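Hi everyone, thanks for making time this morning. Let me put the sequence and the model up, and then we can walk through them together.

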Amino acid sequence: MIGVGGGAALDVARAIALRSHHHRDLFDYDDLIGGDIYVTNEIPHLITVPTTAGTGSEVGRSAIISEDETKKKRILFSPRLMAKIVFADPLLTMDLPAFVTAATGIDALTHNMEAYLAKGYHPMCDGIALEGMAMVATAIEKATKESDLQSRSKMLLASLMGAVAFQKGLGIVHSLAHPLSSLLDTHHGLANAINLPYGMQFNYAGFEDRFDKMAVALGIGNNAGDKVVDYLFELNTRLDLPTHLSSIGVQKQHLAPLSELAYADFCHPSNPKPVTTEDFLAIYETAF
């Protein structure tokens with residue numbers, strides 16, 4: 001089986017690979033309810049070919065699917081769902097439109113930043129994440145506006161690295177972003193781009209040393225962790241990405257249900273700080 005495309009296409013390919021020889025209800029395989037124990041039969045030989053530089057799904061072990069009724073994201077997971085071969089060819093990303101390049105690129109940046117901040121001790125993932133941030137910082141604007149092979153190559157590598165690094169965990173930004181996609185059909189990378197500065201603002205106090213190291217990786221400077229949030233706002237502006245939820249059609253009445261879904265999301269338990277439904281609502285209100 002060959003999966004070709006962006007993150008959603010590769011997730012679909014992985015779900016089909018799972019379904020080929022596993023016939024329970026698909027959501028029985030949800031990792032959050034221990035469903036990986038049912039992944040016991042053969043998985044077809046899976047090859048993935050990414051055509052965007054963002055999700056890193058080509059090296060992933062799960063398919064993330066939005067459930068229609070609850071609007072929750074479900075994770076079909078097993079290490080056996082990893083692709084046997086990955087063809088990551090930057091030439092396949094050269095003709096991506098500017099918006100898709102920018103939004104998926106910020107998704108890769110979010111993966112690296114959240115993985116670096118995630119709870120737990122994993123210096124290998126931390127090192128990969130810092131280098132992934134550095135690659136995005138030097139390449140994303142050129143890839144978006146000029147699309148040369150070097151910048152496209154760096155973005156594809158940063159995407160792969162982010163997906164490796166976030167095996168350590170993700171955090172609050174993804175929990176803010178996921179409900180926007182499931183409830184309002186917002187592009188995942190765009191949802192991350194809008195929420196990334198606000199999520200980092202929430203996480204800053206108490207983790208200043210980590211932000212200082214991210215600032216170095218992003219090219220902001222030494223002892224400049226307090227400038228990371230401003231950098232992210234400015235990066236969105238330079239990439240012609242919005243910085244407020246209201247600009248993508250979110251309305252005030254959406255904020256409460258979005259907050260409930262964000263709290264139910266599977267990413268924030270590995271955030272460096274605990275977060276409540278009220279915290280999510282306050283962040284959404286600030287981002288509105």
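The model is predicted, so local features need pLDDT of at least 70 and side-chain atom pairs count only at pLDDT 80 or more, while totals for chains, interfaces and linings use all residues. Residues are numbered from 1 along each chain as its sequence is written, and side-chain values use heavy atoms, with hydrogens and water left out.

Now the overall picture. Along the principal axes, the C-alpha atoms fill a box of roughly 50 × 45 × 40 Å. The chain has 10 helices and 5 strands; these are DSSP runs numbered from the N terminus, helices being H or I with at least four residues and strands E with at least two. Of the contacts with a separation of 6 or more, 72% are between residues 24 or more positions apart, where contact means heavy atoms within 4.5 Å.

Let's look inside. Buried residues make up 53% of the 288; buried means under 20% relative accessible area, exposed over 50%, and partly exposed in between, with a 1.4 Å probe and protein chains only. In soluble globular proteins, nonpolar side chains tend to be buried together. Here the largest nonpolar core has 55 residues, and Ile 106, Leu 109, Met 113, Met 133 and Met 200 have the most contacts inside it. By nonpolar core I mean a set of buried Ala, Val, Leu, Ile, Met, Phe, Trp, Tyr and Cys residues joined through side-chain atoms within 4.5 Å. Take Leu 109: not counting residues up to four places away in sequence, Leu 109 touches Met 133, Val 136, Leu 196, Leu 218, Leu 232 and Leu 235. Apart from this core lies another, of 10 residues, including Leu 18, Tyr 29, Ile 43 and Leu 81.

A few single residues are worth a stop. Which strand holds Gly 5? Gly 5 lies in β1, residues 2–5, and counts as buried because its relative accessibility is 10%. Thr 52 is 47 residues away from Gly 5 in sequence, yet their C-alpha atoms are 6.9 Å apart. Beyond its neighbours within four places, Gly 5 is in contact with Leu 10, Val 49, Pro 50, Thr 51 and Thr 52.

Next, Ala 224, in the loop between α7 (208–217) and α8 (228–238). At 4% relative accessibility, Ala 224 is buried too. Leaving aside neighbours within four places, Ala 224 is in contact with Asp 212 and Ala 215.

Finally, two loop residues. Ser 147 sits between α3 (123–145) and α4 (149–165), and has a phi near 55°, a positive value in a residue other than glycine. Asp 240, between α8 and α9 (255–264), has a positive phi as well, near 60°. Are they buried or exposed? Ser 147 counts as buried, at 17% relative accessibility, whereas Asp 240 is exposed, with a relative accessible area of 68%.
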